[in-house]
Amino acid sequence: MKNWAWSVIIAVLALVLLASASFYSVSMTQTAVVLQFGKAVRVVESPGLYMKWPIAQNVAFINKNLSSYSTQPESFLTVGKKPVLIGLFAEWRVADPLVFYARLHNDGTAESRIGDVVRSALRTEVGKMTLKSVIQGQRSEMMDPVLAEANKRLQPLGVHLADLRILQVGLPTEVLQAVYKRMEAERAEEANAYRSQGAADAAKIRAEANKDQTRIMAGAYRQQEELKGQGDAEAASIYGAAYGKDPAFYSFYRSLEAYRHSLSDKDVLVLSPDAPFFRYFRHSLEPAGK
């Protein structure tokens, strides 16, 4: 191959390299910052194919979409120096590409600064609140001033926070243990109060029951004695009537009752056979009056 052919090939390759170094494309999700000798000279936001000076100029691409940033739970101090763990989530975008590139250059540096600014603003806001209000309060009400303050500090860096939220709120382990112990003590105290109240109510119920029992038993005993008295009166009346009708039979009947209640296999009576008690054991039945 002749020298002129090599020259043509080299010239074509040089033109191709020069053309590739002179053109750049911008996508819909990017913003291009054209740098000339390391200094930003213009911003290209519309997608398409563009030209630049080779060697003298180069292009830095910046994401124009929302980017997300989150943190692990970190400790913040409330009023009274009570620690609380808070994890954050943020969505941010580049508001001013020239300023962003000049101050931060890339997303990694931007997220580091965003984290510092947000933590500082949140620390100030949490320091005004009690532990209970942080845990139980409205999170949006707490984060709105933090978002406003963070955007105020990030504006000179060309960054805007679109959203800032709390992902997690918790307590450190040592605080949780203290809370659990306090809750346990409160529940034990409440249980003791319930047991004491229950014992008092039970004693009151037992006293009322004993009182009712005594009253009922007294009434039943009184009624029993009244009925017994009435029965004895009726029995005496019946006995009197029977005695009046046939005194001899009544005397005989009462003697048999006395024998039945007095004599048994284990009883020993020392009496004279002629005693009046045994008069009905004789062969002849004498009149009761004799």
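Modeller: To begin with a contact, the side chains of Glu149 and Arg153 meet in a salt bridge, at 2.9 Å from N to O. A salt bridge here is a side-chain nitrogen of Lys or Arg within 4 Å of a carboxyl oxygen of Asp or Glu. This is a predicted model, in which local features need pLDDT of at least 70 and side-chain atom pairs count only at pLDDT 80 or more, while totals for chains, interfaces and linings use all residues. Residues are numbered from 1 along each chain as its sequence is written, and side-chain values use heavy atoms, with hydrogens and water left out.

Colleague: In which helix do Glu149 and Arg153 both lie?

Modeller: Helices (H or I, at least four residues) and strands (E, at least two) are DSSP runs, numbered from the N terminus. Glu149 and Arg153 are 4 residues apart, about one turn of the helix. The helix that holds both, residues 139-154, is α5.

Colleague: Is Arg153 buried or partly exposed?

Modeller: Buried means under 20% relative accessible area, exposed over 50%, and partly exposed in between (1.4 Å probe, protein chains only). Arg153 has a relative accessible area of 33%, so Arg153 is partly exposed.

Colleague: How many salt bridges does a search of the whole structure find?

Modeller: Side chains of opposite charge can pair when their charged atoms come close. Besides Glu149 and Arg153, Asp163 and Arg165 meet in this way at 2.6 Å, N to O. Asp163 counts as buried because its relative accessibility is 19%. For the whole structure, the number of salt bridges found is 6.

Colleague: Which residues are linked in a network of salt bridges?

Modeller: Arg119 and Glu74 meet in a salt bridge at 3.2 Å, N to O. The pair links distant parts of the chain, 45 residues apart, with Arg119 in helix α3 and Glu74 in strand β7. Arg119 is buried because its relative accessible area is 18%, whereas Glu74, at 26%, is partly exposed. The network consists of Glu74, Asp116 and Arg119.

Colleague: How many bridges join strand β7 to β8?

Modeller: Two strands pair if DSSP finds at least two bridges between them. Strand β7 (residues 74-77) and β8 run antiparallel, and Leu77 has Pro83 as its bridge partner in β8. The hairpin of β7 and β8 has 5 residues between the strands, where Gly80 takes a positive phi near 85°. The number of bridges joining β7 to β8 is 4.

Colleague: In β3, which residue is the bridge partner of Val33?

Modeller: Strand β2 (residues 30-36) and β3 pair in the antiparallel sense over 5 bridges. In β3, the partner of Val33 is Val43.

Colleague: In which helix is confidence lowest?

Modeller: The term pLDDT denotes the predictor's confidence in each residue, from 0 to 100. The mean pLDDT of the chain is 78, and 76% of its residues reach 70 or more. Confidence is highest in helix α3 (residues 107-126), at a mean of 90. The lowest mean, 60, belongs to residues 3-22, helix α1.
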